[in-house]
Number of protein chains: 2
Amino acid sequence: METINRLKENVEIILPQDGLEQKLEQAKNENRSLVIKLGFDPTAPDLHLGHAVVLKKMKQFQDFGHQIVILVGSFTATIGDPTGKNKSRKPLSIEEVQHNAETYISQLSKVIDVSKAKIVFNSEWLDKLSSSELIQLLSKVTVAQLMHRNDFNKRFTENTPISMHELLYPILQGFDSVKLNCDVEMGGTDQLFNCTMGRQLQETFNLSPQIVMCMPLLKGLDGKEKMSKSLNNIIGLTDEPTEMFGKTMSIPDNLILEYLDLATDFSPEEKQVVKERLSTGENPMDIKKAIAKNIISQYHSKEDADKAERFFQNQFQNKKFDEKAFTPVAIESLEAQNTALALINLCQKLKADMTKSALKRLIEGGGVQVNNDKVMDSFLDIELVAGTKIRIGKRDFYELL
Amino acid sequence: METINRLKENVEIILPQDGLEQKLEQAKNENRSLVIKLGFDPTAPDLHLGHAVVLKKMKQFQDFGHQIVILVGSFTATIGDPTGKNKSRKPLSIEEVQHNAETYISQLSKVIDVSKAKIVFNSEWLDKLSSSELIQLLSKVTVAQLMHRNDFNKRFTENTPISMHELLYPILQGFDSVKLNCDVEMGGTDQLFNCTMGRQLQETFNLSPQIVMCMPLLKGLDGKEKMSKSLNNIIGLTDEPTEMFGKTMSIPDNLILEYLDLATDFSPEEKQVVKERLSTGENPMDIKKAIAKNIISQYHSKEDADKAERFFQNQFQNKKFDEKAFTPVAIESLEAQNTALALINLCQKLKADMTKSALKRLIEGGGVQVNNDKVMDSFLDIELVAGTKIRIGKRDFYELL
């Protein structure tokens, strides 16, 4: 019972609801461990706290003695998006896939015990599939079923083109579960549809259908969208401790409980204590510090967490704007001075990892200051001269030389 | 100009409209003949006058020196309908495909010069297609495009399941045109969508898109539905001359012009003469006779046509019911006597090629007579004893022994 409760903790969807109990019972009777699958696309192997939510659940299964399987979607990655419309899906070479997978797996080791995990590449079986076998597979699924997937449905209704091959991805993902004879497929809630396809295909292949377990999608630093590298709102698992600390301190207060539940590894009792501190009016900043230190302890060390806290105190919290540590910037790098355009160009150079639209939002939200003034409204009056101090976001300070 | 007019004669759709002129011009400039494709499914190789409409157009191209290609859809036939829902699409063995193709080709020789035609099997290239190449191919086509096909659209709207693999058939048919680098694809008007897919795929493969030529669908003997074996309303190319004659005489008068245009090989001038005879009030039966004789001359011989006419006159036209030539039937073959059921069972035995539902319709329409009485209403009073005479339809007469 204890096991079940731990395994169900934080899970947003289990399909079918009592499936996990049944699978555990079944495995016990058959004197075997469960096969738990998690798939990933080896395209952009930068893991962040959002990924860790699912990975920590995988680790729990591992701790209870089950066999976790990390599936590398190498087949689809080498196909990519053949229409060339989707930049994030450009086809990768086998070497790129291999390299990305290695990077990914080394990052996985921050959460799971990679030595005990089974790592498989789906090109192993999908490369060998003949066109006629693929067509046989497609016959198991109807068009209407696929059109029930939210995004397909929306695009079809709105006349946004869906290429035929896109409909195949969920089917191939389901076929992976057939090949691996999975008991459980894990994913974020956005993977519910694809994981359910596995159940259906396993049944047509006379296998016991897997159960689907979906973890909630952790919100990113903006507090609005799910954490995603393309939205530039992530805390990466390989971020430096001071970066992790600063980013965690920057989350909006309404994310505190979500991060406490999903991003920390506090025990249920410890979480309860933190929640009580929060509800009795303690400064949210102190709670965030506790969360930040816990996160750093997980991905670096307790010592790193303490250091990062001290650095943060010295660097930011104990100083006013004028006393911050400014990064010098050569004035020569400005293309035109004293204009809004120059400021935007400058910010883009300084923060190359931010998209133009994210930067625009930041500026409009008052997140950029020049000489202590927010530059929301007065773009045309900015003096960018030697000595001008610029703050971008909460933690980046620059001074023009 | 003469060539163009002949080639365009009777064609219902040419896409694009001026495509044939352009293709002929292009071929002339490149000093080559055109490649004209016609595909068929090697499932039920019984050719009838409906098929001949398209085949005769192929023959015309052949007569003008062009290369016709008969494509045997062997790949899809060996896949069949993997869902098993569609009986007409059960998967065939390679031997069955080969056998059906041979039967089909021997029937083709009644219309085209098989020795000069190129006969190809699409399993040649489709069998070799890997799943990843197939997926690349699928990426060229959108779901919405396929859903524009009338039958898919109707089924999708009515929530009638469409299996995913069904969407693939038009794409594979189009890919055949890529592989064959076709200039023209021929078909009935029901093939317009599938043939158009070939144009699109050829363009994505940087080939000059084929033009599509669709012939009208000849109506069957019932005068309502298109001629189709499953509707039991066909004149088969291998039907005996007397059968052909009788069937042609049985078409409703409103089909006369259609059969004159599409089923005979009268010259345009001869057709004009026949049309004038009809419009000046000549007995339609005489016109039908001329058509019947022309049809028999095409698929058998002029002599057979004359014989069949004489047989028909003697057998049917000059006699009353009681004087017809009755086929004797052993009374033992009746399972239960004097009941409606017995009559239906008997009719089924005598006309094994009719479906139960067609037979039912025939009876309800007064098409079955016992001793000169229609048996529409009085099923339970039928006496089936030695000497009972039964007429089924217009041309089949039996007498119980």
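## Basis of the model

The model is predicted, so that local features need a pLDDT of at least 70 and side-chain atom pairs count only at pLDDT 80 or more, while totals for chains, interfaces and linings use all residues. Residues are numbered from 1 along each chain as its sequence is written, chains are lettered from A and ligands numbered from 1 in the order in which they are written, and side-chain values use heavy atoms, with hydrogens and water left out.

## Confidence

The average pLDDT (the predictor's confidence in each residue, from 0 to 100) is 86 for chain A, and 89% of the residues score at least 70. Within chain A, strand β6 (residues 211-215) has the highest confidence, at 97, whereas strand β7 (residues 327-329) has the lowest, at a mean of 65. Where pLDDT is low, the predicted coordinates should not be read in detail.

## Fold of chain A

Chain A contains 18 helices and 11 strands. These elements are DSSP runs numbered from the N terminus (helices: H or I, at least four residues; strands: E, at least two). Of the 401 residues in chain A, 49% are buried; buried means under 20% relative accessible area, exposed over 50%, and partly exposed in between (1.4 Å probe, protein chains only).

Contacts are heavy atoms within 4.5 Å. Among the contacts in chain A with a separation of 6 or more, 69% are between residues 24 or more positions apart.

## Relation between the two chains

The same surface serves both copies, as 100% of the contact residues of chain B recur in chain A.

## Cavities

There are 2 cavities of 30 Å³ or more. A cavity is a set of points, on a 1 Å grid over the protein atoms alone, where a 1.4 Å probe fits but cannot get out; lining residues have an atom within 4 Å of a point. Grid points are joined across faces, edges and corners, and a volume is the space filled by probe spheres set on the points.

The largest cavity holds about 40 Å³ of space. Its lining consists of A:Arg155, A:Phe156, A:Asn159, A:Thr160, A:Pro161, A:Ile162 and B:Ala144. By class, this lining has 4 nonpolar, 2 polar and 1 charged residues. Ala, Val, Leu, Ile, Met, Phe, Trp, Tyr, Cys and Pro count as nonpolar, Asp, Glu, Lys and Arg as charged, and the others, Gly among them, as polar.

## Local backbone features

The peptide bond from A:Leu15 to A:Pro16 is cis, with omega near -10°, and A:Pro16 lies in the loop between β1 (13-15) and α2 (19-29) of chain A. In chain B, a cis peptide bond joins B:Leu15 and B:Pro16, with omega about -10°; B:Pro16 lies in the loop between β1 (13-15) and α2 (19-29) of that chain.

A:Asn31, which is not a glycine, has a positive phi of about 55°. A:Asn31 is in the loop between α2 and β2 (35-40) of chain A and is exposed, with a relative accessible area of 73%. B:Asn181, also not a glycine, has a positive phi of about 50°. B:Asn181 is in the loop between α10 (168-180) and β5 (184-188) of chain B and is partly exposed, at 40% relative accessibility.

Notes:
On a 1 Å grid over the protein atoms alone, a cavity is a set of points where a 1.4 Å probe fits but cannot get out, and a pocket is an open set with protein on both sides within 12 Å along at least five of seven lines; lining residues have an atom within 4 Å of a point.
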